[in-house]
Amino acid sequence: MKVSQNASLKSYNTFGIDVKAKTLISVRSIGELVSVLKKNYAEDLFILGGGSNMLLTQNVDATVVHIDIKGVEVIRETEEFVFVKANAGENWHEFVLYTLQQNWGGLENLSLIPGNVGTSPIQNIGAYGVELKDHFISCDAIDIQTLEIINFTAEECEFDYRNSIFKNKAKGKYIITNVIFKLRKTNHTLLTNYGAINEALNEMGVADPSIRDISKAVIKIRQQKLPDPKELGNSGSFFKNPVITEKEFEILKNQFPEIPNYPVGQNSVKIPAGWLIDKAGLKGYREGDAGVHKNQALVLVNYGEATGEEILDLAHKVQAEIRAKFKIHLEPEVNII
Ligand code: EPU
């Protein structure tokens, strides 16, 4: 266990915001986590995973517990499937690459998503037609109050678009310690139709792709569009793609016939927030060190020394412009602290 006082969180959040934690504790095992939970009252705890989905706007006047529990283990296998358990502190992308090296299929479209395994169920991470829930069996989580370990099945997690029970009813109550995935050993299902995957495979000269080729194509696309947090601080999509009613959509379509849209259920339509922000002329917009990314308007970036408040001011400006131009409310996807 590593404990430091008045510690900078700059290298613990992908936005690279330099705020301080009253106390920072890195735990490497369940035992260490339990002993920290026993010592600290729940209200004085702030749980930190990969720090890839948060905007820190102030110093954290609490004990920050960094979940650094590593380990990957096969728990069951059949001819066709493997059930693999990954501990919460495993880096998501490294875990995906590991599964692909074993020729286990399922997570290839989710390559290069920042963050850790333990936080992946919280917002049901998704990309290129695949969501975490598609390959999720269950996760273990510690109840912060009772210290009991509870197993959540996929159904109990109440997964939805960028959402789960851990963002709603169970918010702040549990710490996820591991996740079990069901992956395919043979007869891989390749999802290449979403986004530019087919195009990227063509450019790579691959006609008969393997799961590793799909991963390479996804990495190529993400690297072209999305900034690498190691080079330019960011938290991926800053906003969710808004869902509007069919009626609202018809009005917008008259005004903007080219508007991209994806039907959701019977009477709703999802609109890419990136398109809205781009159309509002904000792509590449910059205020000091806070900016809207030049290649993907959905991503807000920190050019170096931006504070969390400056990024938040920019987010508010983006929301106001989108409301004025399209009468749509953009909801942040990242957690604002
Ligand atoms: N678009 C623009 N301008 C932009 C950005 C996008 O016109 O600056 C248009 C695109 O041309 C396209 C549409 O908007 O027609 C959708 O764009 P894209 O396919 O890039 O997907 P997205 O809706 O912007 C979502 C996820 C991403 C995920 C991609 C790929 C959300 C909020 N974001 O982005 O997730 O990687 O699909 O599946 O659902 C993340 O969560 O951090 C993230 C990056």
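The legends below describe close-up views of a predicted model.

**View 1**
An N or O atom in the side chain of aspartate 278 lies 2.8 Å from a nitrogen atom of the ligand, while a polar backbone atom of serine 237 is 2.8 Å from an oxygen atom of the ligand. Glutamine 296 also takes part through its side chain, one polar atom of which lies 3.2 Å from a ligand oxygen atom. Taken on its own, the ligand has 820 Å² of accessible area, of which the protein covers 82%.

**View 1. Serine 215 in helix α5.**
Serine 215 belongs to helix α5, which spans residues 211-225. Its relative accessibility is 3%, and serine 215 therefore counts as buried, the cut-off for this class being under 20%. The side chain of serine 215 forms a polar contact of 2.9 Å with the side chain of serine 111. When neighbours within four places in sequence are left aside, the residues in contact with serine 215 are Leu97, Leu100, Glu108 and Ser111.

Leucine 112 counts as partly exposed because its relative accessibility is 27%, whereas asparagine 124, with a relative accessible area of 0%, is buried.

**View 2. The largest nonpolar core and the residues around isoleucine 322.**
The largest nonpolar core is made up of 46 residues, and those with the most contacts inside it are Phe238, Phe239, Ile277, Ile311, Ile322 and Phe326. At least two residues of this core are supplied by each of several elements, including the strands β2 (20-27) and β5 (60-67) and the helices α6 (246-255), α7 (273-279) and α8 (308-326). Helix α8 gives the most, with seven residues. Domain 1 (2-67) and domain 3 (233-336) each contribute at least three residues to this core. Leaving aside neighbours within four places in sequence, isoleucine 322 is in contact with Leu276, Ile277, Ala280, Lys327, Ile328 and Leu330. A second, separate core has 39 residues, among them Trp104, Val117, Ala170 and Ile211.

**View 3. Isoleucine 150 in strand β11.**
Isoleucine 150 is found in strand β11, which covers residues 149-153. With a relative accessible area of 23%, isoleucine 150 is partly exposed. Not counting residues up to four places away in sequence, isoleucine 150 touches Cys139, Asp140, Ala141, Asp143 and Tyr174. Threonine 186 is 36 residues from isoleucine 150 in sequence, and the two C-alpha atoms are 32 Å apart in space.

Definitions and conventions: Residues numbered from 1 in each chain as written. Predicted model: local features only at pLDDT ≥ 70, side-chain atom pairs only at ≥ 80, totals over all residues. Heavy atoms only, no water. Helix = DSSP H or I, 4+ residues; strand = E, 2+ residues; numbered from the N terminus. Buried < 20%, exposed > 50% of the residue type's maximum accessible area, 1.4 Å probe, protein only. Polar contact = N/O pair within 3.5 Å; in protein donor to acceptor, adjacent residues only side chain to side chain. Contact = heavy atoms within 4.5 Å. Core = buried A, V, L, I, M, F, W, Y, C linked by side-chain atoms within 4.5 Å. Domains from an automatic or database assignment. Areas by Shrake-Rupley, 256 points an atom, 1.4 Å probe, with all protein chains shown as cover.
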